[in-house]
Amino acid sequence: MTVTLIRALLFYFTVILAMRIMGKRQIGELNPHELVITILVSQIASIPLQDNTMPLANAFLPMLLLVSLEILASVASMKSLRLRNLLQGRPIFLIRHGKPDQKQMRRLRFTVDDLIDALRQKDVFDLSTVEEAVVETNGSLSVRTEESPVTPKQLGVPTPDNGFPIPVVTDGHIVPEYFGDQVLDTAAIAKALQKESLCPGEQLVVTIDDSGTVFAVKKERKK
């Protein structure tokens with residue numbers, strides 16, 4: 001038992017040291033090659049904890065090698081843009097000039113639901129207000145919304161609360177139960193779409209807020 005505890009403490013501090021050597025970014029958002037190194041280091045460290053007969057050097061040496069490779073890759077990527085793009089990838093626009101880039105969404109296997117969920121996590125509930133949205137190399141989403149110099153709230157002008165727009169069509173299908181137990185009236189959705197002369201099967205996404213304002217993005221034909 002004592003041997004197990006001592007080995008656990010050794011690997012605990014070794015893994016922490018390895019993460020510190022590889023940089024603070026390892027603790028937060030990880031790029032693909034950083035994530036692979038982190039997973040491998042943790043897996044290697046766990047093996048000697050399960051087998052006390054295994055020499056510690058059999059784990060420390062591979063961990064040292066992986067940490068060295070990470071440092072070398074980081075230094076090399078700072079000097080070579082081509083290597084940096086290979087290891088980290090490039091940021092990709094999902095929305096540009098207010099319009100979702102459906103080609104890039106297909107490339108990233110990003111569904112409409114994925115996009116709307118990611119925007120909500122950025123406190124953006126209205127897709128129509130988004131000017132640009134970029135998927136960064138670590139997988140996070142950066143968003144720029146419409147900029148307004150003065151808002152009614154800042155001027156003290158009362159405005160009606162229209163709620164935030166709810167997706168009622170995604171990928172050409174009417175979705176009345178988008179928020180689970182809050183089921184919308186399918187007939188009302190169809191009526192609103194008909195009023196705007198919108199065919200559900202031709203739309204990538206359609207949202208409607210409490211005031212009945214409709215925002216739609218038409219599907220692009222695959223080339």
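A nonpolar core is a set of buried Ala, Val, Leu, Ile, Met, Phe, Trp, Tyr and Cys residues joined through side-chain atoms within 4.5 Å, where buried means under 20% relative accessible area, exposed over 50%, and partly exposed in between (1.4 Å probe, protein chains only). The model is predicted: local features need pLDDT of at least 70 and side-chain atom pairs count only at pLDDT 80 or more, while totals for chains, interfaces and linings use all residues. Residues are numbered from 1 along each chain as its sequence is written, and side-chain values use heavy atoms, with hydrogens and water left out.

**Figure 1. Overview of the chain.** Eight helices and eight strands are assigned; helices (H or I, at least four residues) and strands (E, at least two) are DSSP runs, numbered from the N terminus. Of the 223 residues in the chain, 30% are buried. Contact means heavy atoms within 4.5 Å. Among contacts between residues at least 6 apart in sequence, 55% join residues at least 24 apart.

**Figure 2. The largest nonpolar core and the surroundings of I95.** This core has 17 residues, among which I95, L119 and L141 touch the most other members. At least two residues each come from β1, α6, β3 (130-135) and β7 (203-208), and α6 gives the most, with five residues. With neighbours within four places in sequence left aside, I95 is in contact with P100, D101, L115, L119, L127, V130, E131, E132 and A133. A second, separate core has eight residues, including I37, I44, A59 and M63. In soluble globular proteins, nonpolar side chains tend to be buried together.

**Figure 3. The four-stranded open sheet.** The strand order is β2-β1-β3-β4, with antiparallel pairing; two strands pair if DSSP finds at least two bridges between them. β2 and β4 are the edge strands, each pairing on one side only. Five bridges join β3 to the antiparallel strand β4 (residues 141-145). Within this pair, A133 stands opposite V143, and V134 has S142 as its bridge partner. The β3-β4 hairpin has five residues between the strands, and G139 takes a positive phi near 95° there.

**Figure 4. Two loop residues with positive phi.** Most residues other than glycine have a negative phi. H97, which is not a glycine, has a positive phi near 55° and lies in the loop between β1 (92-96) and β2 (99-100). H97 is exposed, with a relative accessible area of 65%. R109, likewise not a glycine, has a positive phi of about 55° and is placed in the loop between α5 (102-107) and α6 (112-121). R109 counts as exposed, at 69% relative accessibility.

**Figure 5. A nonpolar surface patch.** L9, Y12, F13 and I16 form this patch, with about 430 Å² of accessible area together. Patches are made of residues with over 30% relative accessible area and no salt bridge, with like charges joined within 9 Å and nonpolar side chains (Val, Leu, Ile, Met, Phe, Trp, Tyr) within 5 Å. A salt bridge is a side-chain nitrogen of Lys or Arg within 4 Å of a carboxyl oxygen of Asp or Glu. Y12 lies in helix α1 (residues 2-22).

Methods: Accessible areas come from the Shrake-Rupley method with a 1.4 Å probe; for residues, only the protein chains shown count as cover.
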